[in-house]
Amino acid sequence: MQNKGVIRFIAIALALVVIYQLSFTFFAASVRQDAEEYGKSFETNQKKKEKAYLDSIAGETVYSFIGLRDFTYRECQERELNLGLDLKGGMNVILEISVSDVIKALSGNNQDPDFQAALKLAQQYQKETQEDFVALFGRAYQEIAPEGRLATIFSTKDMRDKVSFNSTNEEVLSVIKKETDGAISNAFNVLRNRIDRFGVAQPVIQPLETAGQILIELPGIKDPERVRNL
């Protein structure tokens, strides 16, 4: 009998925890429903009005947990269950940073024929492998210009403190790798900041295995064009 009592207590406790967690989803969804009804009351710009409503109420209390703790709409958003794109719908995109363009910029847009040919060949290689683009570029340049020196291409005014005229190809490729990784990291941070300002609940933003590619999932998004503009 005592064991049954313990099991009953655990079951009740688990049920209360589940109800508590689900309550945030319920109240967040209720606010979004109110916002949708508010938007429909206007003949034009319904989505903008809906978004304005949600922005205006983000810091207001929408849920009071048995008088012990008040939660704003933003806090309910952060705590609601992550339904994901399959259940909630939304937007899923993969953005790709052109590492080739970054390398061109690092070279000062050098028009050396061997350099340009190596970039094009590396782009062809990239279609068949997930290997790092900088490594592919290094291989392509070695094939096209076995005696070529990357230092003559990348010892520009902006790169002078990192690449000297006497740098080896391996040293130059190491610098290029560090610079392109930095560019990708900066782009990732910019995207994260913009998405955070957009106010999407439980977004997913993560770099993919292929260098330069970033996966973004935005559950519940109903205005893809606004996201693209952002």
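Predicted model: local features only at pLDDT ≥ 70, side-chain atom pairs only at ≥ 80, totals over all residues.
User: At what angle do helix H5 and helix H6 pack?

Analyst: Helices (H or I, at least four residues) and strands (E, at least two) are DSSP runs, numbered from the N terminus. Axes are lines fitted to C-alpha atoms, for helices over the stretch in contact, and angles run from 0 to 180 degrees between N-to-C directions. Angles under 35 degrees count as roughly parallel, over 145 as roughly antiparallel, 65 to 115 as roughly perpendicular and the rest as oblique. Here H5 (residues 99-106) and H6 (residues 113-126) pack at about 165 degrees, with their axes 11 Å apart; they are therefore roughly antiparallel to each other.

User: Which residues of H5 and H6 make the contact?

Analyst: Contact means heavy atoms within 4.5 Å. Ser100, Ile103 and Lys104 of H5 make the contact with Phe115, Gln116, Leu119 and Gln123 of H6. By class, there are three nonpolar, three polar and one charged residues in this contact; Ala, Val, Leu, Ile, Met, Phe, Trp, Tyr, Cys and Pro count as nonpolar, Asp, Glu, Lys and Arg as charged, and the others, Gly among them, as polar.

User: How are H6 and helix H7 placed relative to each other?

Analyst: H6 and H7 (residues 133-144) pack at an angle of about 125 degrees, with their axes 8 Å apart. They are therefore oblique to each other. Among the residues that meet are Phe115, Leu119 and Tyr125 in H6, and Phe133, Leu136 and Ile144 in H7. The residues of this contact divide into 13 nonpolar, two polar and three charged.

User: In what order do the strands of the open sheet lie?

Analyst: Strands of a sheet pair through backbone hydrogen bonds, either parallel or antiparallel. Two strands count as paired if DSSP finds at least two bridges between them. In this structure, three strands form an open sheet in the order E3-E5-E4, with antiparallel pairing. Strand E3 (90-96) and strand E4 (204-207) stand at the edges, each with a single partner strand, so one side of each is left without a neighbour in the sheet. From one strand to the next, the twist averages 10 degrees. Four bridges join E4 to E5 (residues 213-219), and Leu215 in E5 is the bridge partner of Gln206.

User: Is Ile205 buried or exposed?

Analyst: Buried means under 20% relative accessible area, exposed over 50%, and partly exposed in between (1.4 Å probe, protein chains only). Ile205, in strand E4, has a relative accessible area of 10% and is buried. Ile205 touches Phe188, Leu191, Arg192, Ile195, Ile214, Leu215 and Ile216, not counting residues up to four places away in sequence. Ile205 and Arg192 are 13 residues apart in sequence and 7.0 Å apart in space, C-alpha to C-alpha.

Key:
Residues numbered from 1 in each chain as written. Heavy atoms only, no water.
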